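Please view the structure below, then read the notes on its salt bridges and on one of its pockets.

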Amino acid sequence: MSDVDLLRAHVGGQRHAFAEILRRHNDHLWQTALRTSYTREDAADSLQDALLSAHRTAGSFRAEAEVRSWLHAIVVNACLDRIRRNKTRRAVSLSPETIPEPADERDEFAELEISLVVDRALFALPPDQRTALVAIDLEGYSVADAAVMLGVPEGTIKSRCARARQRLQEHLEFLRDPGNRK
């Protein structure tokens, strides 16, 4: 069954239809939440909020976009809502962030370190610029699709991405020195 058929089946009362949609798209939605949120805890909470919202409002899906895009937009909006809420009441994580150990004997420390530096620079961006950049450059959405998902004009997506890339370049300029990439 297609995603649209599964969503219609869910609206019609079929018990496991929504679970199948989640099985198909869970990894993508989790990665989207992680890239949009500041902490893993916020990502998990936002994803849960988004999935509950999608479950409840599935009947309003108009099939103007793919189900995956619809879910993606709901997750991004839930993450942005949580970021806004956190600005008014700051939450402190009680569990320390853990860095995974390399799975094989290759020296992946340098790759991990670069990844952390890039992530830090990415999360230094304002949320609207970061979500636009993630949608376009990391998720591979077109400007038009990203504009629909984020509910802004295409020109806004382009300018947010341009500003975000400029800021990232400023934050990551030191990586151009070959001595910093060894």
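Arg24 counts as partly exposed, at 33% relative accessibility; here buried means under 20% relative accessible area, exposed over 50% and partly exposed in between, with a 1.4 Å probe and protein chains only. The model is predicted: local features need pLDDT of at least 70 and side-chain atom pairs count only at pLDDT 80 or more, while totals for chains, interfaces and linings use all residues. Residues are numbered from 1 along each chain as its sequence is written, and side-chain values use heavy atoms, with hydrogens and water left out.

- Arg24 meets Asp3 in a salt bridge, at 2.7 Å from N to O.
- Arg24 belongs to helix α2 (residues 17-36) and Asp3 to helix α1 (residues 3-11), so this pair ties together parts that are 21 residues apart in sequence; helices are DSSP runs (H or I, at least four residues), numbered from the N terminus.
- Asp3 is buried, with a relative accessible area of 15%.
- Arg23 forms a salt bridge with Glu20, their closest N and O atoms being 2.5 Å apart.
- Both Arg23 and Glu20 lie in helix α2, three residues apart, or about one turn of the helix.
- Arg23 is exposed, with a relative accessible area of 59%, whereas Glu20 is partly exposed at 22%.
- A network of salt bridges links Asp3, Glu20, Arg23 and Arg24.

- Asp49 and Arg85 form a salt bridge in which the closest N and O atoms are 3.8 Å apart.
- This pair links distant parts of the chain, with Asp49 in helix α3 (residues 40-57) and Arg85 in helix α4, 36 residues apart.
- Asp49 is partly exposed, with a relative accessible area of 33%, and Arg85 is also partly exposed, at 31%.

**The second largest pocket**

- The second largest pocket has a volume of about 420 Å³; a pocket is an open set of points on a 1 Å grid where a 1.4 Å probe fits, with protein on both sides within 12 Å along at least five of seven lines.
- Of the 16 residues that line this pocket (an atom within 4 Å of a point), Arg62, Glu64, Ala65, Trp70 and Val148 are the closest to its centre.
- Helices α4 (67-88) and α7 (143-150) are the elements that give two or more residues to the lining.

Notes
Points joined across faces, edges and corners; volume = space filled by probe spheres on them. Salt bridge = Lys/Arg side-chain N within 4 Å of Asp/Glu carboxyl O.
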